[in-house]
Amino acid sequence: MSVWSALLVPDDAMMTSRASAIRLAACGREWDALVITPLARGLAALDVLNVPTDGGYPVLADHTHQQLIVLVPPGTAHAGGALPGVRVLTRGSWLLVPRGDLGCYLAVWLSSPGPERRFVDAKALRAAVSTVDAEQGSGAPR
C-alpha cells in the first residue's frame, strides 16, 4: 500500500460535524489549488511524486465529493490543469479549509501546511496525474 492511499478513508477521530470546523478561504493570493477527482487518483499522483505526508505540503481531502485538493504556489495552478477531472482554483475562487487542526468530511487536512510554506509544483502534479491515468489505462477520472 502506498503512503498517500492509506489516507483514502477518513479518520473519524479527526472529523467533526460542526460547521465551525471549516471556513471559506480566497484562492489566488497566498496559494492556488488543484482539485483532483476522484480522491484515490489524486493520492496516487502524490505517491508518484514521492511527496511526504508529513513534509508540510498543504493537501486537503473532501471525502463527501471524493476530491483531493492540493495547494500550489499562487499564479501557477493553470500549469496543472487541462486534464479531465482536474479543476483549477485561482484568484476569484473560494475553497473550504479546516480551521486549525479541525476538519470535517468536506475539508480535512491530509497534510497540514508547515511554517516553511512548501507547495507541490503544479506542473509536476499534472504530469503525475497523467502517469496515474496511463497506468490505469484511461485519461478520464473514474
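Me: Which residues does leucine 60 touch, not counting residues up to four places away in sequence?
Reply: With neighbours up to four places away in sequence left out, leucine 60 touches Gln67, Leu68, Ile69, Leu95, Leu96, Val97, Pro98, Val108, Trp109 and Leu110, where contact means heavy atoms within 4.5 Å. This is a predicted model, in which local features need pLDDT of at least 70 and side-chain atom pairs count only at pLDDT 80 or more, while totals for chains, interfaces and linings use all residues. Residues are numbered from 1 along each chain as its sequence is written, and side-chain values use heavy atoms, with hydrogens and water left out.

Me: Why is leucine 60 called buried?
Reply: Buried means under 20% relative accessible area, exposed over 50%, and partly exposed in between, computed with a 1.4 Å probe and protein chains only. Leucine 60 has a relative accessible area of 1%, and therefore counts as buried. Leucine 60 lies in strand β3 (residues 59-62), strands being DSSP runs of E with at least two residues and helices runs of H or I with at least four, numbered from the N terminus.

Me: What makes β2 and strand β5 (residues 86-89) a pair?
Reply: Two strands pair if DSSP finds at least two bridges between them, and β2 and β5 have four, in the antiparallel sense; here leucine 34 stands opposite valine 88. Five bridges also join β2 to strand β4 (residues 67-72), again antiparallel, with isoleucine 69 as the bridge partner of valine 35.

Me: How do you know that strand β2 (residues 32-36) is mostly covered?
Reply: Five of the five residues of β2 are buried. Asp32, Leu34 and Ile36 point one way from the strand, Ala33 and Val35 the other way, and all are buried. In a regular strand the side chains alternate between the two faces of the sheet.

Me: Why is alanine 82 called exposed, and what is said of its phi?
Reply: Alanine 82 has a relative accessibility of 72%, so it counts as exposed. Its place is in the loop between β4 and β5, and its phi is near 65 degrees, a positive value in a residue other than glycine.

Me: What makes arginine 117 partly exposed?
Reply: The relative accessible area of arginine 117 is 48%, which means that this residue is partly exposed. Arginine 117 is placed in the loop between β7 (108-111) and α2 (122-136), and its phi, near 55 degrees, is also positive in a residue other than glycine.
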